[in-house]
Amino acid sequence: WPSSVRFGMHIKGGAVWVGDGWLVLGSAADSLGRRRILRLVFEDAAGVIPTGEERAEGVQSFLRGNDSGRWATALPRFSKVRLASVNEGIDAVLEASQHGLSLQLSKTPRSESAAVVMRIEGHRAFSPIADGSLSFPTGSTSLNVTARSGRDVVGRIGAQSSAHVRVVGASRFRAELSGSDAHETQSIELDLSWAGFVGGSSEQNVIGAGLDQTGHVILVGATD
């Protein structure tokens, strides 16, 4: 990968590469080896260098091609990646989750209200979906962003809710952490997950279909 990438991780449905104040999310490769790519930028975090946390056992090497000078060997492994102070008073912590990528935004105890604006690049247009998430379509897949507190969905993105995540433009959304607490670190967790949809260019299998009470068609199956 490019020298600007400091960390890489495999997640459910794809991969993530992390640089100084940004991350790139790639979907799993399709049958032709193509990935769908989206870039998430923390708008006030230019030059924030990510660091690894919770060192894991073992090392990892990447030996691609015949030029040994471009190989990366014996790289340390970590469970989490932290971008400290993506905006004043807020840290971002990344780790793989059962959904895909968990992005936790935390405000330190005793700090005043804080907010961070994130911009997603590379999508056609975003739209809200039924559970209050945002969907960023790209080709035959989409990246879904869901606000959570702990493991429970606490509000719809785009509305004033207890999750304090609001849409502020065609490609931007703002996470807010308000108030102060002398003992606890307040946080919002965003789940970022890749989802396929029927009508894309890759494989899709429908194993059941039906109508709900309002006449909507419901399909059950899998997409690649």
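Val16 stands opposite Leu25 in strand S3, within a protein that has 0 helices and 18 strands. Helices (H or I, at least four residues) and strands (E, at least two) are DSSP runs, numbered from the N terminus. The model is predicted: local features need pLDDT of at least 70, side-chain atom pairs count only at pLDDT 80 or more, and totals for chains, interfaces and linings use all residues. Residues are numbered from 1 along each chain as its sequence is written, and side-chain values use heavy atoms, with hydrogens and water left out.

**Strand S3 and its partners**

- S2 and S3 pair in the antiparallel sense over 6 bridges; two strands count as paired if DSSP finds at least two bridges between them.
- The hairpin of S2 and S3 has 2 residues between the strands, and Gly21 takes a positive phi near 85° there.
- S3 and S4 also run antiparallel, joined by 5 bridges, and Leu25 has Leu38 as its bridge partner in S4.
- Of the 6 residues of S3, 6 are buried, so the strand is largely enclosed by the rest of the structure. Buried means under 20% relative accessible area, exposed over 50%, and partly exposed in between (1.4 Å probe, protein chains only).
- Both faces of S3 are covered: Trp22, Val24 and Gly26 are buried on one side, and Leu23, Leu25 and Ser27 on the other.

**Nonpolar cores**

- The largest nonpolar core has 38 residues, and those with the most contacts inside it are Phe42, Leu105, Met118 and Leu190. Such a core is a set of buried Ala, Val, Leu, Ile, Met, Phe, Trp, Tyr and Cys residues joined through side-chain atoms within 4.5 Å.
- Another core lies apart from the largest one and has 6 residues, among them Val5, Ala15, Trp22 and Val41.
- Contact means heavy atoms within 4.5 Å.

**Phe173**

- Phe173 is placed in strand S15 (residues 172-177) and is buried, with a relative accessible area of 1%.
- Not counting residues up to four places away in sequence, Phe173 touches residues including Leu40, Val116, Met118, Ile120, Phe136, Val145, Val165 and Leu190.
- Phe173 and Val116 are 57 residues apart along the chain, and their C-alpha atoms are separated by 8.6 Å.

**Salt bridges**

- The structure holds 8 salt bridges, each defined as a side-chain nitrogen of Lys or Arg within 4 Å of a carboxyl oxygen of Asp or Glu.
- Asp20 and Arg6 meet through their side chains in a salt bridge (2.4 Å, N to O). Asp20 lies in the loop between strand S2 (14-19) and strand S3 (22-27), and Arg6 in the segment before strand S1 (7-11), so the pair ties together parts that are 14 residues apart in sequence.
- Asp20 is partly exposed at a relative accessible area of 24%, and Arg6 is partly exposed at 42% relative accessibility.
- Glu121 forms a salt bridge with Arg39, with the closest N and O atoms 3.6 Å apart. This pair links distant parts of the chain, since Glu121 is in strand S9 (residues 114-121) and Arg39 in strand S4 (residues 37-42), 82 residues apart.
- Both members of this pair count as partly exposed: Glu121 at 29% relative accessibility and Arg39 at 30%.
- Arg39 and Glu121 also belong to a network of salt bridges that links them with Glu43, Arg119 and Arg172.
- Glu54 and Lys80 meet through their side chains in a salt bridge (3.4 Å, N to O). Glu54 is in strand S5 (residues 51-62) and Lys80 in strand S6 (residues 72-87), 26 residues apart, and the pair links distant parts of the chain.
- Glu54 is partly exposed at 47% relative accessibility, as is Lys80 at 21%.

**Surface and overall figures**

- Ile207, Ile218 and Val220 form a nonpolar patch on the surface, with about 310 Å² of accessible area together. Patches are made of residues with over 30% relative accessible area and no salt bridge; like charges are joined within 9 Å, and nonpolar side chains (Val, Leu, Ile, Met, Phe, Trp, Tyr) within 5 Å.
- Val220 lies in strand S18 (residues 217-223) and counts as partly exposed at 46% relative accessibility.
- The accessible surface of the protein comes to about 12,400 Å², of which 48% belongs to carbon and sulfur atoms. Accessible areas come from the Shrake-Rupley method with a 1.4 Å probe; for residues, only the protein chains shown count as cover.
- Buried residues make up 37% of the 224 residues in the protein.
- Among contacts with a separation of 6 or more, residues 24 or more positions apart account for 51%.
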